[in-house]
Amino acid sequence: MATTAPPIPRVELAYAPTPLLKLERLSAELGVELWVKRDDLTGLLETGNKIRKLEFLIGEALAQNANTLITCGTLQSNCCRCVAAVCARLGLRAVLALKGGRPAEYDGNLLLDRLLGADIKYCTDAEWEKIDETMQDLAARERAAGRVPYVIPESGATVVGALGYLACGQELAQQVRHGAPEFDTIAITNFSGGSQAGLLMAKQLTNLRADIVGIPIAWEAARVRAYVGEVIDRARSRYGFAVRPPAEVRLLDGYQGAGRAAVRRDELDTMLKLARLEGIVLDPVYTAKAFSGLLDTIRRDPRALGHRVCFVHTGGVFSVFPYRAALGRLVDGDGDGLVEF
Ligand SMILES: Cc1ncc(COP(=O)(O)O)c(C=O)c1O
């Protein structure tokens, strides 16, 4: 008779552990030790946080004998590009439902999606409004063709996906055990909040002492908090983990701006600053907004997040290229205003 739970299916895909680097010049400027966990180095085509989620999502897909992954996102979705890359690596078929029409030219993540052989369904506004149904229709089409589909919601936002950041938090705890410094705060970019939920679970299950703080770049704080709580509750009931939603899910709120629809000049300035001061490139859609929020918080109150802060860089570098026009003006010193995507 089995006495222990079966292992959770996982396929190791990320190049991990990812490095922890101190930002020497920025730390000196801020008067706070600022570090980065380089989850933008989880792979080349697999750069970013999505590959960690996919280790568990694809684990589950393969356990269900799936041979086709279906997911959705914007035309420059990092998650979709990561799915396309991993499908090519593992010999699976990728079907991507993207928001918007086919552009005249492929660029950034979309160009990579196509290079990697993903099948693209461009969604009208009406199809995107009911994206879950649209993906179920795509799954039915795959089944009719004799394939076994597995559907991944936008951003890999499921309890299974969040396990990727539980694993990342365990990795961080292990890095600390092996001599990395203890952080007062670990800050991460939020879209859904699934990655933050994973780190919060790791904090409860390991000796990680740091406060886990999310920086929402699109959803309102209440929605992110509700999602984080829901994921942790589901992880407890599904896997029996000794975890519970924290009394307060800490967020740096108010930095969403126009969400994923546009980037502000000051956010692009942050990108430029980090690139030139430390040789690290943020992405204009997610991490530039979040890192701007982090710097703003520290500048307003250098003690707000403690003395030693670690920002988890969740990747996204390929979306630099589609925004070449605005970025190009900025590097030449004559950009201004809001850049719409
Ligand atoms: C670069 C980048 N950072 C952060 C996130 C947010 O991840 P989550 O949905 O787990 O909050 C995403 C995904 O949407 C992303 O592409």
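A polar side-chain atom of Ser155 lies 2.6 Å from an oxygen atom of the ligand. Two other residues make such a contact, here a pair of N or O atoms within 3.5 Å. The table lists these side-chain contacts.

| Residue | Distance from its polar side-chain atom to a ligand oxygen atom |
|---|---|
| Ser155 | 2.6 Å |
| Ser195 | 2.7 Å |
| Asn49 | 3.1 Å |

Taken alone, the ligand exposes 400 Å², and the protein buries 99% of that (Shrake-Rupley areas, 1.4 Å probe). The space that the ligand takes is the largest cavity. A cavity is a set of points, on a 1 Å grid over the protein atoms alone, where a 1.4 Å probe fits but cannot get out. A molecule sits in one if more than half of its atoms lie within 2 Å of the grid points.

This model is predicted: local features need pLDDT of at least 70, side-chain atom pairs count only at pLDDT 80 or more, and totals for chains, interfaces and linings use all residues. Residues are numbered from 1 along each chain as its sequence is written, and side-chain values use heavy atoms, leaving out hydrogens and water.

What surrounds the ligand? The shell has 15 residues, with Lys50, Lys53, Ser155, Ser195 and Thr314 the closest (a heavy atom within 4 Å counts as near). By class, 2 are nonpolar, 11 polar and 2 charged; Gly counts as polar. Helix α2 (50–63), strand β7 (185–190) and helix α8 (194–205) each give two or more residues (DSSP runs, at least four residues for helices and two for strands).

Why does the ligand lie between two domains? Domain 1 (20–48 + 158–340) and domain 2 (50–156) both give residues to its shell. The bounds come from an automatic or database domain assignment.

How values were computed:
Polar contact = N/O pair within 3.5 Å; in protein donor to acceptor, adjacent residues only side chain to side chain. 1 Å grid on protein atoms, 1.4 Å probe; cavity = no way out; pocket = protein on both sides within 12 Å on 5 of 7 lines; lining within 4 Å.
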